Amino acid sequence: MPEIELSAGTIEYRDSGGSGPVLVFLHGVLMNSSAWRHVVAELGPHFRCVAPTLPLGAHRHPMRPDADLSLAGLAVLVDEFLERLDLHDVTLVQNDWGGAQVMVALGRDERVSRLVLVACEAFENYPPGLPGRALVLAARVPGGLAVTMRLLRGRLLRRAPGSWGWMSKRPVPAEVMDDWFAPATEQADVRADLARYALSVPPREVLREWAERNRRFDKPVLVVWAGEDRIMPAEHGARLAASYPHGRLVTIEDSYTLVAEDQPAKLVAAIREFLAETAAQRTPYRG
């Protein structure tokens, strides 16, 4: 897997290559770029699909001790990643994590031409739901993340209610989750990185201000929400789409938060349609 050295440390990424339109995929906490494997397999032959593994707990290379791994810091890091790879006219696709909205709020979206926001953190839902709050609690207790990771390595507990059982309706293959959880289980420095992120959520008034700033993004936005999501509130999908001048909402049924896992074909179809319409118009997307 290729690597790139950024200000925070070494970042691994997948890159399908090619000269097609650029899609950059962002994953959530305790996942890596393989969270997008089904979607990239379908879109890779037609688009340049780039998927970094962000320092959100499933990264194999610990970050520098002085790296800013806060929510805002990681949003800036994604912008740095785009710049270092010299990516332009990017369609930024995210699921679970809400870093794309933070990039917009901080004015770090110059290279982004479209957003695809898939069942993700929004408004004040940082960290999201019961699993997010449990992770923050574990990060606050000495040794809490080490215990959490040992429990997650036990495959029976992964499908427990309130844990990863609420992330996807269909079980993520064991070997994929083993890969996601190994770094934070085996490396104390990776757990320290994860703790720095988990404890960085800003106050609610800051989150509200960031959400309000997203109204200035006047480029095409596709919001994809999961019909049976147990972590991202149902009303956030419509509210998020309405936040953008050219936002549109698509609901995908029979899925929890990880739509790319539960319904990859439907997600690919929605992204294809969105890209085709916006490319044909070459004008702001009206939804």
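In the predicted model, the side chains of Asp193 and Arg196 meet in a salt bridge, with an N to O distance of 2.7 Å; a salt bridge is defined as a side-chain nitrogen of Lys or Arg within 4 Å of a carboxyl oxygen of Asp or Glu. Because Asp193 and Arg196 are three residues apart in helix α7 (residues 188–198), about one helical turn separates them. Helices (H or I, at least four residues) and strands (E, at least two) are DSSP runs, numbered from the N terminus. Asp193 is buried at 2% relative accessibility, whereas Arg196 is partly exposed, with a relative accessible area of 29%. Buried denotes under 20% relative accessible area, exposed over 50%, and partly exposed in between (1.4 Å probe, protein chains only).

Residues are numbered from 1 along each chain as its sequence is written. As the model is predicted, local features need pLDDT of at least 70 and side-chain atom pairs count only at pLDDT 80 or more, while totals for chains, interfaces and linings use all residues, and side-chain values use heavy atoms, with hydrogens and water left out.

In total, the structure holds 21 salt bridges. One of them joins the side chains of Arg48 and Asp15 at 2.6 Å, N to O. Arg48 lies in strand β4 (residues 48–52) and Asp15 in strand β2 (residues 9–15), so this pair ties together parts that are 33 residues apart in sequence. Asp15 is partly exposed, its relative accessible area being 29%.

A further salt bridge is formed by Asp262 and Arg170, whose closest N and O atoms are 3.7 Å apart. This pair links distant parts of the chain, 92 residues apart: Asp262 is in helix α10 (residues 259–262), and Arg170 is in the loop between α5 (144–153) and α6 (174–186). Asp262 is buried, with a relative accessible area of 5%, while Arg170 is partly exposed at 30%.

At the level of the whole chain, the secondary structure comes to eleven helices and eight strands. The radius of gyration is 17 Å, close to the 19 Å that the globule rule gives for 287 residues, so the chain is as compact as a globular protein of that length. The radius is taken over C-alpha atoms, and the globule rule is 2.2 Å times the number of residues to the power 0.38. The C-alpha atoms fill a box of roughly 55 × 40 × 40 Å along the principal axes. Of the 287 residues in the chain, 57% are buried.
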